[in-house]
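Dear colleague,

Please find below the structure that I am handing over to you, followed by an account of what was found in it. I would be grateful if you kept the model open while reading.

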Amino acid sequence: MRKITDMTAATALSFVKGHGTENDFVVIPDPNVQVDLTVDLVRALCDRQRGIGADGVLRVATAGALVDAGVLDALPEGVAPTDWFMDYRNGDGSIAEMCGNGVRVFAHYCRAAGLVDTDTFSVGSRAGSRSVAIHSFDQVTADVSVAMGRVRLDGPSAVGIARGRYIGERVDVGNPHLACVVDGLTPEALAALDLTTGAHLDADVFPNGANVEILTPLRPADSDVDFTAHMRVFERGVGETRSCGTGLVAAASAALHGIGRDNGVVGITIPGGSVVVTVGDDAAVLRGPSRLVAHGALNAGWDLR
Ligand SMILES: N[C@@H](CCC[C@H](N)C(=O)O)C(=O)O
């Protein structure tokens with residue numbers, strides 16, 4: 001497998017920079033899995049001073065090539081060898097099972113780059129296959145829905161943030177979350193919340209860590225959604241991000257559950273924009289934008305200190 005430092009200008013590693021509601025990613029097209037995507041490399045790519053800067057990395061490869069290269073032990077449920085697979089890494093180099101904003105950007109890239117020629121297709125992830133629908137796209141923008149699979153609510157737990165303690169619902173969206181709806185929280189008080197000292201979870205409850213969402217109570221809406229809310233998120237393996245797709249689905253599901261509903265359409269505003277989450281009886285759908293901001297090639301030696 002090639003190391004990026006081995007590459008000459010002629011074989012320079014190409015990248016695309018994109019974001020979904022300002023949750024940003026370095027996309028590495030690597031169909032045949034030739035890049036050694038180490039923890040150090042991911043950290044360097046995501047470093048906002050030394051690298052390109054992002055919350056995470058999305059390697060674009062076929063699922064079969066990832067199995068052949070030993071990156072995946074086996075094909076996850078429902079994923080075919082020829083499917084395009086989102087090999088997602090958090091900015092700290094750790095691997096996560098799923099990334100909802102990442103799937104939108106990944107699907108947009110696949111469609112815009114001509115890797116797929118239909119508006120509906122499946123994207124592989126470690127949490128299984130995810131169906132995507134591209135409602136519109138060009139080389140820069142897209143509007144994408146992702147069927148996020150089953151959402152499992154696992155009961156309450158608590159998190160410490162700054163001097164506060166918040167009770168939330170544990171939610172599994174393929175990856176782990178604690179979604180905390182805070183009674184009486186206004187959008188202004190949410191914006192003022194200090195997330196700089198992290199989110200401190202119960203390690204017995206979350207041995208592998210989790211993403212933490214803090215949100216305002218649902219407000220009934222009179223438009224094309226049933227409810228609206230505001231949310232901020234502290235992501236495992238990254239820190240505070242301006243949006244988290246799986247977190248938005250976790251938050252909408254927990255908030256609906258909290259008012260005794262199993263389903264509903266929720267419009268959620270996060271610092272990076274807004275999305276719509278449709279929670280159904282069997283699955284949830286996340287709809288939101290994607291932007292492909294730039295593309296280029298890394299210079300040989302860029303990651304040497
Ligand atoms: N930003 C993502 C979630 C990425 C993974 C997460 N940090 C984890 O470790 O589970 C999203 O949009 O869902």
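Let us begin with Cys-244. Leaving aside neighbours within four places in sequence, Cys-244 is in contact with Asn-23, Asn-101, Asn-211, Val-233 and Glu-235. Please bear in mind that this is a predicted model. Cys-244 sits in the loop between strand S15 (239-241) and helix H5. Is Cys-244 buried or exposed? Cys-244 counts as buried because 34 C-beta neighbours lie inside 10 Å, and 20 or more are needed for that class.

**The active-site pair**

An unreviewed UniProt entry places the feature "active site" at Cys-99 and Cys-244. These positions are spread over 146 residues of sequence, yet they cluster in space, with a largest C-alpha distance of 7.5 Å. Cys-99 lies in the loop between strand S4 (84-90) and helix H3. Cys-99 is also buried, since it has 29 other C-beta atoms within 10 Å. Apart from neighbours within four places in sequence, Cys-99 is in contact with Gly-56, Met-86, Tyr-88, Gly-245 and Thr-246.

**The ligand and its shell**

How many residues surround the ligand? There are 18, and the closest are Ala-96, Asn-101, Asn-175, Gly-245 and Thr-246. By class, the shell consists of four nonpolar, 12 polar and two charged residues. Helix H3 (100-112) and helix H5 (245-258) each supply at least two residues of this shell. Domain 1 (4-148 + 291-297) and domain 2 (152-282) each contribute at least three residues to the shell.

The unreviewed UniProt entry also carries the feature "binding site", at positions including Asn-23, Asn-175, Arg-236 and Thr-246. Two of these positions are described here in turn.

Thr-246 is located in helix H5. Thr-246 counts as buried because it has 32 C-beta neighbours inside 10 Å. Not counting residues up to four places away in sequence, Thr-246 touches Met-98, Cys-99, Gly-100, Val-173, Gly-174, Asn-175 and His-177.

Arg-236 lies in the loop between strand S14 (227-235) and strand S15. When residues up to four places away in sequence are not counted, Arg-236 touches Asn-90, Gly-209, Ala-210 and Asn-211.

**The two domains**

The chain is divided into domain 1 (4-148 + 291-297) and domain 2 (152-282). Taken over C-alpha atoms, the centres of domain 1 and domain 2 are separated by 25 Å. The contact takes 21 residues from domain 1 and 18 residues from domain 2. Which element gives the largest share of the side of domain 1 that touches domain 2? That share, three residues, comes from helix H3. The side of domain 1 that touches domain 2 has five nonpolar, 11 polar and five charged residues.

**One side of helix H1**

Helix H1 (residues 39-46) has Leu-41, Val-42, Leu-45 and Cys-46 as its buried residues. They are on the same side of helix H1 because they cover an arc of only 125° around the axis. The buried residues of helix H1 pack against strand S2 (23-29), strand S3 (56-62) and strand S4.

**Two partly exposed positions**

Pro-217 is in the loop between strand S12 (211-215) and strand S13 (219-220). Pro-217 counts as partly exposed because it has 16 C-beta neighbours inside 10 Å, while a buried residue requires 20 or more and an exposed residue has 12 or fewer. Pro-217 touches Val-181 and Asp-183, not counting residues up to four places away in sequence. The C-alpha atoms of Pro-217 and Val-27 are 190 residues apart along the chain and are separated by 35 Å.

Ser-274 is placed in strand S17 (residues 273-279). With 17 C-beta neighbours inside 10 Å, Ser-274 likewise counts as partly exposed. Ser-274 touches Gly-267, Ile-268 and Thr-269, again not counting residues up to four places away in sequence. Ser-274 and Asp-303 are 29 residues apart along the chain, and 34 Å separate their C-alpha atoms.

With kind regards

How values were computed: Residues numbered from 1 in each chain as written. Predicted model: local features only at pLDDT ≥ 70, side-chain atom pairs only at ≥ 80, totals over all residues. Near = placed C-beta within 6 Å. Helix = DSSP H or I, 4+ residues; strand = E, 2+ residues; numbered from the N terminus. Nonpolar A, V, L, I, M, F, W, Y, C, P; charged D, E, K, R; others polar. Domains from an automatic or database assignment. UniProt positions renumbered as here; feature names shortened; annotations may be inferred. Contact = placed C-beta atoms within 7 Å. Arc of directions from axis to C-beta.
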